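Please look through the sequence and the structure below before reading on.

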Amino acid sequence: MGPGVSAPGDGAAQTGTAELEARLARYPAARYPAQHATTAFHLATAHLQGGRAAEAGPLLSAAYDIFGRLGMRLEQAKALTMHGVALREAGRGDLARQTFERAAKAFGELQQPVEEAAASYDLGLVLQEQGDRAGAQEAMAHAQELFSGMGQFAQAGKAVRERGVYLLSSGDVRAALPLLEEATVLAERGGDLAGLGAAANALGLAHLAADDAAAAVREFTRAVGAFPRSLRAAEHAMAKANLAVAQERAGSPARARLAARQALAVSSADPPVRAQAQQLLDRLSGVSQVDLLAVLDQEPGGRWPVIIREEVLRWCDASPPERLAAVRSFLEGLLSRAETSYDLAQSLIAVLVELPPTAYAEMVAAIVQATGELPEQDRERIRSIMGSAMARFAMPQWQRLAASLNAAATATGQPPTWR
């Protein structure tokens, strides 16, 4: 279904198919034609959402015919659009194209610009699949214009993004770049965070294709932010893996390895994403534990919590030995950075206090264990650095973290001397 398409009736498309089938039986077409057609439409929509295009087609044909006989032209046009979706998903591209063309024309005559835009968007998708570049661009541009005219900027952004991605995939990078730039602007204007991530990711790929690694880094970084790890993990991993490639191209191997490992740490990352990240790590051999500190050394202090947070989230998903090694490396980095040790520790603590309970407990335990493995002089120095950094936080946060560290220390036979 294209952006903006809506169903006739009261939104019953979300109702379960069993209930819809029972309702359809209660409303015979001969006696209750409008109710029958509306229910058939919603049942067909449910089938489409379940990937059952073959079952949806006959229902939509019946709904279209009944709506037509009743003079319900708007509902009939909506059924036509959905029938086009069913045909496209069934692989019947030529019929789908014809159906979407008829639907777009019908909505235009009814002065329903949003619905016309949705049908035109779907038409553009079919034409892309058929390799009709000019037709696809025209249909998507028309959809974009209509959506924008109605203030549907998120949907307009999707349409222009499709135009840009199609041109990029066909090798026309120069034409794709301004369209994908526009797609990011429209997504932001429409408050479409996921759309912004998709547009920025595509724009980053376009910049890579144009050999502009710095611009690619900027856009992939934006895509990572628009795809929160906690909400869109697979997309987050994709953007991270692409960011890793861009950082490699930009001559920043430490940053590239960080991004690649963070992509691999996402369990739901798609296989091609995992393969891309692993191939980069295979190319860029290096001591992984020093990458974070090397990047932090190059960044202003205000950026440290963001960078550390991304690594800490990876550590929390890692095995206990890997987490311990990473934490120990970070603590050793504090010892070797006299001028920035307290600020680095403060940035780490700022991340710790925001973690959910399980991750918080795992990180506290790792800090205590890693500290206990250091020489005695270094153990005391780490506790002093962390203690001074904790004192910069509000009393409840300070006391909570100190109590947690001391409890973890006691549990492992260490002295509870965190303060």
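Two residues are said to be in contact when they have heavy atoms within 4.5 Å of each other. The model is a predicted one, in which local features need pLDDT of at least 70 and side-chain atom pairs count only at pLDDT 80 or more, while totals for chains, interfaces and linings use all residues. Residues are numbered from 1 along each chain as its sequence is written, and side-chain values use heavy atoms, with hydrogens and water left out.

If residues up to four places away in sequence are not counted, Ser 120 touches Ala 104, Ala 139, His 142 and Ala 143. Ser 120 has a relative accessible area of 3% and is therefore buried, a word that means under 20% relative accessible area, whereas exposed means over 50% and partly exposed lies in between, all with a 1.4 Å probe and protein chains only. Helix α6 also holds Glu 115, which counts as buried because its relative accessibility is 6%. Between Glu 115 and Leu 401 there are 286 residues in sequence and 55 Å in space, taken from C-alpha to C-alpha.

Ser 120 also belongs to the lining of the second largest pocket, together with Glu 101, Ala 104, Leu 123, Leu 127, Gly 135, Glu 138, Ala 139 and His 142. A pocket is found on a 1 Å grid over the protein atoms alone, as an open set of points where a 1.4 Å probe fits, with protein on both sides within 12 Å along at least five of seven lines, and its lining residues have an atom within 4 Å of a point. The volume of this second largest pocket is about 160 Å³, where a volume is the space filled by probe spheres set on the points, which are joined across faces, edges and corners. Helices α5, α6 and α7 each supply at least two residues of its lining, and the largest share, four residues, comes from α7.

The largest pocket has a volume of about 640 Å³. It is lined by 25 residues, of which Val 224, Lys 240, Gln 262, Val 306 and Glu 310 are the closest to its centre. Two or more lining residues come from each of α11, α12, α13 and α16, and α16 gives the most, with six residues. By type, the lining divides into 10 nonpolar, six polar and nine charged residues; Ala, Val, Leu, Ile, Met, Phe, Trp, Tyr, Cys and Pro count as nonpolar, Asp, Glu, Lys and Arg as charged, and the others, Gly among them, as polar.

Which residues touch the most other members of the largest nonpolar core? In this core of 47 residues they are Val 312 and Phe 330, a nonpolar core being a set of buried Ala, Val, Leu, Ile, Met, Phe, Trp, Tyr and Cys residues joined through side-chain atoms within 4.5 Å. Several helices give two or more residues to this core, including α13, α16 and α17, and its largest share, eight residues, comes from α19. Apart from neighbours within four places in sequence, Phe 330 is in contact with Leu 292, Leu 293, Leu 296, Ile 308, Trp 315, Leu 344 and Leu 348. A second, separate core has 28 residues, among them Phe 67, Leu 87, Ala 96 and Leu 123.

Charged side chains form pairs as well, and the count comes to 26 salt bridges, each with a side-chain nitrogen of Lys or Arg within 4 Å of a carboxyl oxygen of Asp or Glu. In one of them, Arg 73 pairs with Glu 109, with the closest N and O atoms 3.5 Å apart. Because Arg 73 lies in helix α4 and Glu 109 in helix α5, this pair ties together parts that are 36 residues apart in sequence. Another salt bridge joins Arg 257 to Asp 291, where the closest N and O atoms are 2.8 Å apart; it links α13 with α15, distant parts of the chain, and both of its residues are buried. Arg 383 and Glu 380 meet in a salt bridge of 3.0 Å, N to O, and they are separated by about one helical turn because they stand three residues apart in helix α20. Arg 383 is buried, with a relative accessible area of 5%, whereas Glu 380 is partly exposed, with 42%.
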